[in-house]
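Reader: I have a structure to go through with you. Could you take me through its sheet, its helices and its core?

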Amino acid sequence: MTRQGLPTGQMQEETKELLDEYNEEYCWEYNDMVDFIKEYGEKNFRDYYEDYYRAVDDLGEDIVNAFIEVFYIESIGNIEESYQGQMTGAEFAEQLAIDCCEVPNNLSSWIEIDWKASWDNLSYDYCEQDGYIFNQNF
């Protein structure tokens with residue numbers, strides 16, 4: 001294991017031990033963990049890195065980063081509950097209306113629904129970040 005560029009002399013002992021544990025037990029990349037510490041700090045590394053890593057593994061880094069932009073790292077444990085999919089807000093509003101049986105199957109083709117306005121009405125409960133939809137009620 002190389003510790004290239006690692007500011008270990010500046011880290012708390014508890015953080016160093018956790019870095020070694022994660023690297024040895026889970027084979028998590030040492031430099032990725034150090035990058036996380038540089039971005040979010042040692043305390044957040046100790047408190048949230050395991051949830052962060054698992055979310056990136058399950059959902060992907062782009063989704064996790066979009067979630068963190070809106071809700072911050074402290075909420076990472078709620079990402080699976082919050083994440084609704086990748087689509088526009090208008091597409092989400094339409095899908096939600098269909099899923100809730102609010103749009104009849106036999107709606108005439110000449111009828112248009114303003115899904116963008118419907119999405120605007122959902123903005124208290126949902127948000128869109130980088131093309132990903134998140135439920136804000138967790």
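Author: A definition comes first: two strands pair if DSSP finds at least two bridges between them. Strands (E, at least two residues) and helices (H or I, at least four) are DSSP runs, numbered from the N terminus. This is a predicted model, in which local features need pLDDT of at least 70, side-chain atom pairs count only at pLDDT 80 or more, and totals for chains, interfaces and linings use all residues. Residues are numbered from 1 along each chain as its sequence is written, and side-chain values use heavy atoms, with hydrogens and water left out.

Reader: Which residue is the bridge partner of Y83 in β3?

Author: The partner of Y83 is F134. The strands β1 and β3 are joined by three bridges in the antiparallel sense.

Reader: In what order do the strands of the sheet come?

Author: The order is β1-β3-β2, in an open sheet of three strands with antiparallel pairing. At the edges are β1 (83–86) and β2 (126–129), each of which pairs on one side only. On average, neighbouring strands are turned by 20° against each other, direction ignored.

Reader: How many bridges link β2 and β3?

Author: Four bridges link β2 and β3, in the antiparallel sense. In β3, Y132 stands opposite Q129. The two strands form a hairpin with two residues between them, and D130 in that turn has a positive phi of about 55°.

Reader: Which helices lie across the sheet strands?

Author: One is α4, which lies across β1, β2 and β3 and runs at about 50° to β3. Another is α6 (residues 89–99), which lies across β1, β2 and β3 at about 145° to β2. Axes here are lines fitted to C-alpha atoms, for helices over the stretch in contact, and angles run from 0 to 180 degrees between N-to-C directions.

Reader: Turning to the core, which residues touch the most other members?

Author: In the largest nonpolar core, of 27 residues, they are L19, M33, F45, Y49, Y52, I76 and F134. Such a core is a set of buried Ala, Val, Leu, Ile, Met, Phe, Trp, Tyr and Cys residues joined through side-chain atoms within 4.5 Å. Buried means under 20% relative accessible area, exposed over 50%, and partly exposed in between (1.4 Å probe, protein chains only).

Reader: Which elements supply at least two residues of this core?

Author: These are α1 (13–26), α2 (30–40), α3 (42–59), α4 (61–71) and β3 (132–135). The most comes from α4, with six residues. Apart from this core lies another, of nine residues, among them F92, A93, Y126 and I133.

Reader: What does F134 touch?

Author: Leaving out residues up to four places away in sequence, the contacts of F134 (heavy atoms within 4.5 Å) include I63, F67, F71, Y83 and Y126.

Reader: And how do α1 and α2 meet?

Author: Their axes come within 10 Å and cross at roughly 145°. From α1, T15, L19, D20, Y22 and N23 meet Y30, M33, V34 and I37 in α2.

Reader: What is the phi of C27, and where is this residue placed?

Author: Phi of C27 is near 60°, a positive value in a residue other than glycine. C27 sits in the loop between α1 and α2 and is exposed, with a relative accessible area of 61%. Most residues other than glycine have a negative phi.

Reader: What about C101, buried or exposed?

Author: C101 is exposed, at 67% relative accessible area. Its phi is also positive, near 60°, and its place is in the loop between α6 and α7 (115–121).
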